[in-house]
Amino acid sequence: MNLNTLLEDTNLDNSLRSIGQKVLKAERITFDEGVQLFEKGDLGFLGALANHVRERKNGNQTFFNRNFHIEPTNICVFSCKFCSYSRTLKNREEGWELSAEQILQKVKDYDGKPVTEVHIVGGVHPKMDMYYFIDILKQIKAHRPDLHIKGFTAVELDYMFRKAKVSTEEGMKLMHEAGLDSLPGGGAEIFDEDIRNIICADKCSSDVWLKIHETAHNLGMHINATMLYGHIENYTHRIDHMERLRQLQDKTKGFNTFIPLKFRNGDNEMSSTPEVTVIEDLKTYAVSRIYLDNFNHVKAYWPMIGRSTAQLSQAFGVDDLDGTIDDTTKIYSMAGAEDQNPALTTEQLVTLIKESGRQAVERDTLYNVVSLFNE
Ligand code: V47
Ligand code: SF4
């Protein structure tokens with residue numbers, strides 16, 4: 001339905017109407033209004049608003065990227081309760097540790113293939129230190145200089161910098177100079193300290209996560225931010241998370257994309273926490289699109305939510321479907337993701353986008369257009 005017609009509906013709650021009018025005028029909504037959208041907005045209303053913002057920012061285009069993932073290890077010193085993936089050094093037989101040669105070989109496996117990005121992320125291994133990864137980054141760049149390296153969450157970097165006894169600024173500069181082009185958005189989880197203390201007490205604090213990202217932004221790195229939702233947090237915690245990101249973005253303009261990550265309860269310490277429904281997924285995409293007025297993109301990570309929800313999400317604010325990941329991304333498949341074999345050819349991904357009535361655009365990490373499809 002047309003947004004103007006929707007806002008004229010006499011049955012519409014007055015506070016929702018006033019939020020809708022702000023969105024129509026491209027005005028920022030407040031913290032309380034964000035919470036109200038979650039509490040009172042039905043799916044039709046939220047979808048119409050979020051789609052308006054999405055089309056104002058990105059027209060009818062949906063972006064994707066040709067990338068591949070490398071997970072150097074699933075051995076981790078931390079013990080996040082939602083994690084189905086990590087193993088400790090004690091139960092090593094269920095873990096993996098790739099050598100520098102194996103990591104480089106994975107990059108070489110893509111020689112001649114039209115990928116533009118490698119995404120490197122894994123557990124926090126006590127022996128894979130900053131210098132180990134600096135050496136690997138240099139080797140990857142020497143082998144394929146034009147491949148964008150998006151790697152290491154703030155949690156991994158914080159551990160490496162502390163171990164190497166370097167400041168955040170110094171460590172980030174060394175990693176950037178060695179070839180690290182940008183960071184993925186992981187490790188943010190939920191910034192609220194009380195919830196964080198319950199679900200991931202021992203890893204870096206919200207302030208440290210934000211500081212690491214700010215430092216990377218100051219070096220000119222454009223990066224992502226995630227939010228793990230749908231577990232024990234409430235709507236106020238979600239808006240608080242987005243508010244902290246919105247404030248940092250006002251300061252630095254360093255974030256490219258916001259990625260809501262749906263909590264999956266397979267085989268982890270939070271298995272008794274039920275997963276939220278697809279309605280909640282779509283509401284979360286929509287409210288983030290409306291609230292984060294200074295973010296250019298909202299991404300749905302399709303291996304996690306499945307192809308059908310990924311298609312629907314494009315009517316609820318999402319303009320990015322990540323990439324044609326043709327490697328198994330174990331952090332999700334081990335937690336019970338919809339797509340146990342997350343591989344889609346470019347043709348399949350383009351069809352999925354086209355069927356949703358959108359134009360598929362292959363982008364590089366920084367959203368430069370690589371190819372336009374189905375014009
Ligand atoms: O921080 C872990 C999440 C994240 C579960 O930047 C879980 O382009 C749901 O950040 N249920 C790491 N989520 C992955 C990540 C990412 C993924 C895709 C794209 C990008 C990007 C970044 O995975 C962790 C945590 O929030 N996670 N376990 C789980 N059971
Ligand atoms: Fe380690 Fe990351 Fe799993 Fe937490 S989510 S236990 S930091 S691998």
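**View 1. The surroundings of ligand 2 in a predicted model.** Ligand 2 is surrounded by C76, F78, C80, F82, C83, Y85, S86, G123 and K203, each with a heavy atom within 4 Å of the ligand. By class, this shell has 6 nonpolar, 2 polar and 1 charged residues; Ala, Val, Leu, Ile, Met, Phe, Trp, Tyr, Cys and Pro count as nonpolar, Asp, Glu, Lys and Arg as charged, and the others, Gly among them, as polar. The model is predicted, and local features need pLDDT of at least 70, while side-chain atom pairs count only at pLDDT 80 or more. Residues are numbered from 1 along each chain as its sequence is written, and ligands are numbered from 1 in the order in which they are written.

**View 2. The two domains of the chain.** Domain 1 (3-55) and domain 2 (62-372) have bounds from an automatic or database domain assignment. Their C-alpha centres lie 29 Å apart. The contact (heavy atoms within 4.5 Å) takes 20 residues from domain 1 and 28 residues from domain 2.

**View 3. The largest nonpolar core.** A nonpolar core is a set of buried Ala, Val, Leu, Ile, Met, Phe, Trp, Tyr and Cys residues joined through side-chain atoms within 4.5 Å, where buried means under 20% relative accessible area with a 1.4 Å probe and protein chains only. Among the 94 residues of the largest core, L37, M175 and W209 touch the most other members. Both domain 1 (3-55) and domain 2 (62-372) contribute residues, so this core lies between them. Apart from it lies another core of 15 residues, including F64, Y285, A300 and L344.

How values were computed:
Side-chain values use heavy atoms; hydrogens and water are left out. Buried means under 20% relative accessible area, exposed over 50%, partly exposed in between (1.4 Å probe, protein chains only).
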